[in-house]
Amino acid sequence: MGLNDAIVQDSKGRSGGLFGDGGPTFLTTKLDFVVNWGRRNSLWPMPFGTACCAIEMMASAASNFDIARFGMERMSFSPRQADVLICAGRVPYKLAPVLRRIWDQMPQPKWCISMGACASSGGVFDVYSMVQGIDTIVPVDVYIPGCPPRPEALIYGLMMVQEKIRQESLDQHFELRAEDPMSVARPRANTEEIVGLTGPFGNSTLQEELSEVGVDAPEGPLGDAADITTP
Amino acid sequence: MSDDSLSELDALDAGPRASDVVEPAAGPPSDPSGHPTVVALMERFGDAVLHHEVVADEQHVVHVDPSRNVEIIRWLRDDPAQAYNHLADVTAVDFGGGAPLQVVYQLFSLTHKHRLRVKCLLDVDALTIDSVVPMWNGANWLEREVYDMFGITFKGHPDLRRILMPKDYAEGHPLRKDFPLRGRFSRAEQTRRALAQDVDRFYIPAERAVGREPQEVHFPDPDAPSRAGRADG
């Protein structure tokens, strides 16, 4: 049965709609819907893979799982052409400015996925060198648990981003897409948030007391410590 | 830790603790006759060889005077009967409790197929030792790592600066036993400092120059004799 056979004809035998000849060749929709439809079905991921989660991310892109089915047609290795940042793996403090710069370089609209335990919370690496959750550095839309998450979990996370996009409305544009230029390369979370985020996995202040080291950072050459109050 | 009646969850709340167990820095001395190099080393340097032991059945370890480390290692490399021409590793160990830090040289003789581990014990308040970079260029980054992680200064190193931690890392040397697991600053301060890193502070000028200009590409000269046509050697 060909496509033309499927065309609905009215009682007078006239065909119309999209496939007809001479019929109305338009359809009406909501702008919100069509914009969100376009955005959510052409998400290009920016892979920020630093550890074993990146292996699962690669598996998700390969033929067996194939996230191209969901519109993630190609991994965009340039942040300028990416829509969703997938941070897969642990992020040390030395890499934190790199992650922040990549996020700042991505054009709006953009979303962020924190893939795996280490990116979401620091995981088992509750140590001196590790960022305790990338949400202290960049805003995160979807957290994917797992160590590492299976490709199904990543695909589910990406579909949750799609669902989030589907529920957006253009009249929220300025709220959703607002960016403070002063926030570039600044911690996203404030002190209280960072303390709260690191709390459940061990209290930093306790071990500082144990090591008999004050929590006050010395006045370094970096300056601008006014907004940081030590816990 | 076992004497107090904390459950695992209480211990989790209390956070990590410094280990109060001080492991012995060296075992009992062993018979040096099993290793020809150790015998020769003791004959030649006498007092400078402080201790000898065998660990893991076959690994011979000698402790030498840290002020003569370069002299001894150079002899081990250059003496034809020893010929320890391969420096497999330079690292360090901190056993905690104020015990001396150990700088470890793992040597291998490709000629005689002998292995030898040379250790130098440094007091925690005098962490300075001569560099072996003049002998092996490969020790450059290894000694930088030991400096970064333990704070041991290598005299004569051409470029002694941090290699793993950021250049302006102000919390100390992380692999020392007296270093707290989560660092010395609060997480907020660590995050702020991490994001305040900038490339100008991070790299030396020579590294920043790389990639600034398009790299010069050398195409092979068609008139030059080809590599395949050249005589071997």
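Let's start in a loop: B:Ala83 sits between helix H3 (69-78) and strand S3 (86-93) of chain B. Helices here are DSSP runs of H or I with at least four residues, strands are E runs of at least two, and both are numbered from the N terminus. This is a predicted model, in which local features need pLDDT of at least 70 and side-chain atom pairs count only at pLDDT 80 or more, while totals for chains, interfaces and linings use all residues. Residues are numbered from 1 along each chain as its sequence is written, and chains are lettered from A and ligands numbered from 1 in the order in which they are written.

**Residues with a positive phi in chain B**

- B:Ala83 has a phi near 55 degrees, which is a positive value in a residue other than glycine.
- B:Ala83 counts as partly exposed because it has 16 C-beta neighbours inside 10 Å. (A residue is buried with 20 or more other C-beta atoms within 10 Å of its own, exposed with 12 or fewer, and partly exposed in between; C-beta atoms are placed from the backbone.)
- B:Lys113 is another residue other than glycine with a positive phi, near 55 degrees.
- The loop that holds B:Lys113 runs between strand S4 (101-109) and strand S5 (114-122) of chain B.
- B:Lys113 has 7 other C-beta atoms within 10 Å, so this residue is exposed.
- As background, most residues other than glycine have a negative phi, and most peptide bonds are trans.

**Chain B as a whole**

- Chain B contains seven helices and seven strands.
- Chain B has 233 residues, and 30% of them are buried.
- Take the contacts in chain B between residues at least 6 apart in sequence: 51% of these join residues at least 24 apart. (Two residues are in contact if their C-beta atoms, placed from the backbone, lie within 7 Å.)
- Helix H5 (residues 187-195) of chain B includes B:Arg193.
- B:Arg193 is buried, because 23 other C-beta atoms lie within 10 Å.
- From B:Arg193 to B:Asp148 the C-alpha to C-alpha distance is 18 Å, and the two are 45 residues apart in sequence.

**Chain A as a whole**

- Chain A contains eight helices and four strands.
- Its elements follow the order α-β-α-β-α-β-α-β-α-α-α-α from the N terminus.
- Among the 231 residues of chain A, 30% count as buried.
- For contacts in chain A between residues at least 6 apart in sequence, 77% join residues at least 24 apart.
- The average pLDDT of chain A is 77, and 72% of the residues score at least 70. (pLDDT is the predictor's confidence in each residue, from 0 to 100.)
- In residues 200-231 of chain A, the pLDDT is below 50, and the stretch has 50 contacts in the model beyond near neighbours in sequence.
- A word of caution: where pLDDT is low, the predicted coordinates should not be read in detail.

**Helices packed against H5 of chain A**

- Helix H1 (residues 31-40) and helix H5 (residues 151-166) of chain A have axes that come within 9 Å and cross at roughly 160 degrees, so H1(A) is roughly antiparallel to H5(A). (Axes are lines fitted to C-alpha atoms, for helices over the stretch in contact, and angles run from 0 to 180 degrees between N-to-C directions; under 35 degrees is roughly parallel, over 145 roughly antiparallel, 65 to 115 roughly perpendicular, and the rest oblique.)
- On the H1(A) side, A:Asn36, A:Arg39 and A:Arg40 meet A:Gln162, A:Ile165 and A:Arg166 of H5(A).
- Helix H2 (residues 52-61) of chain A packs with H5(A) at about 75 degrees, the axes being 8 Å apart, so H2(A) is roughly perpendicular to H5(A).
- A:Glu56, A:Met57, A:Ala59 and A:Ser60 of H2(A) meet A:Pro151, A:Leu154 and A:Ile155 of H5(A).

**Cis peptide bonds in chain A**

- A:Gln108 is joined to A:Pro109 by a cis peptide bond, with omega near 0 degrees.
- A:Pro109 belongs to the loop between helix H3 (96-105) and strand S3 (111-115) of chain A.
- The bond from A:Cys147 to A:Pro148 is also cis, with omega near -10 degrees.
- You can find A:Pro148 in the loop between strand S4 (142-144) and H5 of chain A.
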